[in-house]
Amino acid sequence: MIKFFSKYLLTFILLVFLQVFILNNIQFSGYINPYIYVLFILALPFETPKWVLLIIAFALGLMIDLFSSTVGMHSSATVFMAFLRPYILKVISPRDGYESETLPQLRYYGASWFIRYSAILIFSHHTFLFFIEVFRFSSFFATFARVFLSSIFTIILVLISQYFYRKDTRK
Amino acid sequence: MRSLFKFLLRIHFLLLFILIEIFSFSLLVKKNNFHKARFANFTRQVAGSFYTKANKLKEYLSLAEENQRLAEENNKLLNIIESTYKSDEIFFRSINDTINNQRYRYTTAKIINNSINKKHNFLTLNKGIQQGLRPEMGVVSDGSIVGIVKGVSDDYATVISLLNLDLRISSKVKKNGYFGSLNWTGKDYLTATLSEIPLHADIQEGDTIITSGFSSIFPEGVLVGYISDFEEKGGSFYEIKVKLSTDFKKLNNVNVIGNLLQTEKIELEERL
């Protein structure tokens with residue numbers, strides 16, 4: 001149990017650091033800001049109670065917010081994404097449902113399932129986040145372009161991370 | 001009661017989600033200046049449009065009084081014009097120099113919300129940035145002081161009323177020029193206090209108080225009110241009760257004063 005928690009705690013810290021100290025400082029052409037930290041919400045086990053999910057999401061968002069001085073922005077977007085997660089899982093579940101002892105990762109349910117799962121959630125998170133950031137609908141298409149491009153980058157990063165997991169566990 | 005708890009338990013996920021989102025949004029609006037400003041702007045627009053509607057009705061009811069006031073003002077202006085035409089000198093000079101030497105520009109605006117019974121009263125005007133209003137402009141009605149523009153959105157502006165404990169106006173006694181700072185008493189909407197007038201100043205009940213023109217918001221000589229009572233305070237200063245000449249209870253149309261040289265004056269003073 002303790003091992004289980006410490007593993008997630010470590011991932012949490014690692015992701016926050018990766019986001020705050022590396023990815024936040026990278027600006028590709030002003031349109032692309034990948035937000036890899038949502039991987040933490042994606043990777044939580046299937047059995048996580050729903051309310052725990054929301055609270056973890058809020059804490060994670062708030063951490064990112066505190067480091068980038070945008071209090072409330074990331075936390076609201078992450079909570080929104082965590083709220084959607086159970087419904088998305090239900091909609092795209094494989095025919096026999098989810099087996100116990102498995103995690104929502106690429107190696108258990110295959111690439112096509114995982115890409116669908118992460119793409120929907122990441123896209124909804126980024127949409128929410130970028131629209132909250134500009135706080136208006138007037139420049140809709142410019143914002144939408146940012147959402148789209150950043151989502152693609154985040155999805156690529158999340159996919160890469162899945163192969164890291166694989167190596168990790170096999171060791 | 002039990003079924004209520006059951007119901008709450010069933011929707012606890014949605015409920016928690018909504019609560020956390022509300023909390024995050026309140027953080028967002030409170031802590032980030034950009035979002036705060038956008039939110040304030042939005043609420044000001046919405047509130048302003050409601051006040052406009054309410055005010056249209058109120059305006060209709062006081063048409064007669066308003067007409068009377070306009071007629072009087074017209075009369076006064078006509079008199080001024082007549083007197084300028086009589087002197088050739090002034091007439092010519094005014095043609096040559098008005099544009100270059102113009103220092104204050106007046107815009108009319110209508111009050112669409114007003115209060116007099118709080119400790120910090122504000123007015124709302126029906127003009128904003130698009131009509132040239134900026135923060136820190138003076139507001140007068142019929143030549144007597146009303147307040148200072150505080151915040152502006154596209155089409156509306158909020159004004160700190162003179163009936164606000166936070167507002168201090170630099171004013172002076174008209175007949176001898178002793179100046180002090182004027183502040184509302186906070187009690188009734190007709191009286192304010194003028195302090196910092198030294199004891200050797202010769203003042204009497206009924207003397208006129210006008211703005212001093214030091215603040216670059218109001219020009220010199222805008223009417224503030226008349227002395228109604230005074231007493232010694234703290235040994236070396238008078239505390240003077242001033243009966244305000246503006247009747248805040250029936251304000252409707254006001255003039256907003258833009259000082260064209262305000263930035264120049266402030267820049268010069270800051271350079272010291």
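## Exercises on a predicted two-chain model

Helix 4 of chain A packs against helix 2 (residues 12-31) of chain B at an angle of about 165°, the axes being 8 Å apart. The model is predicted: local features need pLDDT of at least 70, side-chain atom pairs count only at pLDDT 80 or more, and totals for chains, interfaces and linings use all residues. Residues are numbered from 1 along each chain as its sequence is written, and chains are lettered from A in the order in which they are written.

**Exercise 1.** Determine how helix 4 of chain A is oriented relative to helix 2 of chain B, and list the residues in contact.

*Solution.*
Step 1. Axes are lines fitted to C-alpha atoms, for helices over the stretch in contact, and angles run from 0 to 180 degrees between N-to-C directions. The angle here is about 165°.
Step 2. Angles under 35 degrees count as roughly parallel, over 145 as roughly antiparallel, 65 to 115 as roughly perpendicular and the rest as oblique. Helix 4 of chain A is therefore roughly antiparallel to helix 2 of chain B.
Step 3. Residues are in contact if their C-beta atoms, placed from the backbone, lie within 7 Å. Helix 4 of chain A contributes A:Met73, A:Ser75, A:Ser76, A:Val79 and A:Phe83; helix 2 of chain B contributes B:Phe17, B:Ile20, B:Glu21, B:Ser24, B:Phe25 and B:Leu28.
Step 4. By class, this contact has seven nonpolar, three polar and one charged residues. Here Ala, Val, Leu, Ile, Met, Phe, Trp, Tyr, Cys and Pro count as nonpolar, Asp, Glu, Lys and Arg as charged, and the others, Gly among them, as polar.

**Exercise 2.** Repeat the analysis for helix 3 of chain A and helix 2 of chain B.

*Solution.*
Step 1. The packing angle is about 15°, and the axes are 9 Å apart.
Step 2. Helix 3 of chain A and helix 2 of chain B are therefore roughly parallel.
Step 3. A:Lys50, A:Trp51, A:Leu54 and A:Phe58 of helix 3 of chain A meet B:His12, B:Phe13, B:Leu16, B:Phe17 and B:Ile20 of helix 2 of chain B.
Step 4. The classes in this contact are seven nonpolar, one polar and one charged.

**Exercise 3.** Describe the side of chain A that touches chain B.

*Solution.*
Step 1. Contacts join 13 residues of chain A to 14 residues of chain B.
Step 2. Two or more residues on the chain A side come from each of helix 3 (50-68) and helix 4 (73-91). Helices (H or I, at least four residues) and strands (E, at least two) are DSSP runs, numbered from the N terminus.
Step 3. Helix 4 of chain A gives the largest share, five residues.
Step 4. Eight nonpolar, four polar and one charged residues make up the chain A side.
Step 5. Chain A as a whole has six helices and zero strands.

**Exercise 4.** Is B:Tyr238 buried or exposed, and which residues does B:Tyr238 contact?

*Solution.*
Step 1. B:Tyr238 lies in strand 11 (residues 237-244) of chain B.
Step 2. A residue is buried if 20 or more other C-beta atoms lie within 10 Å of its own, exposed if 12 or fewer, and partly exposed in between. B:Tyr238 counts as buried because it has 22 C-beta neighbours inside 10 Å.
Step 3. Leaving aside neighbours within four places in sequence, B:Tyr238 contacts B:Ile197, B:Leu199, B:Ile203, B:Phe230, B:Glu232 and B:Lys233.
Step 4. B:Ser195 is 43 residues from B:Tyr238 in sequence and 6.4 Å away in space, C-alpha to C-alpha.

Note on methods:
Two residues are in contact if their C-beta atoms, placed from the backbone, lie within 7 Å.
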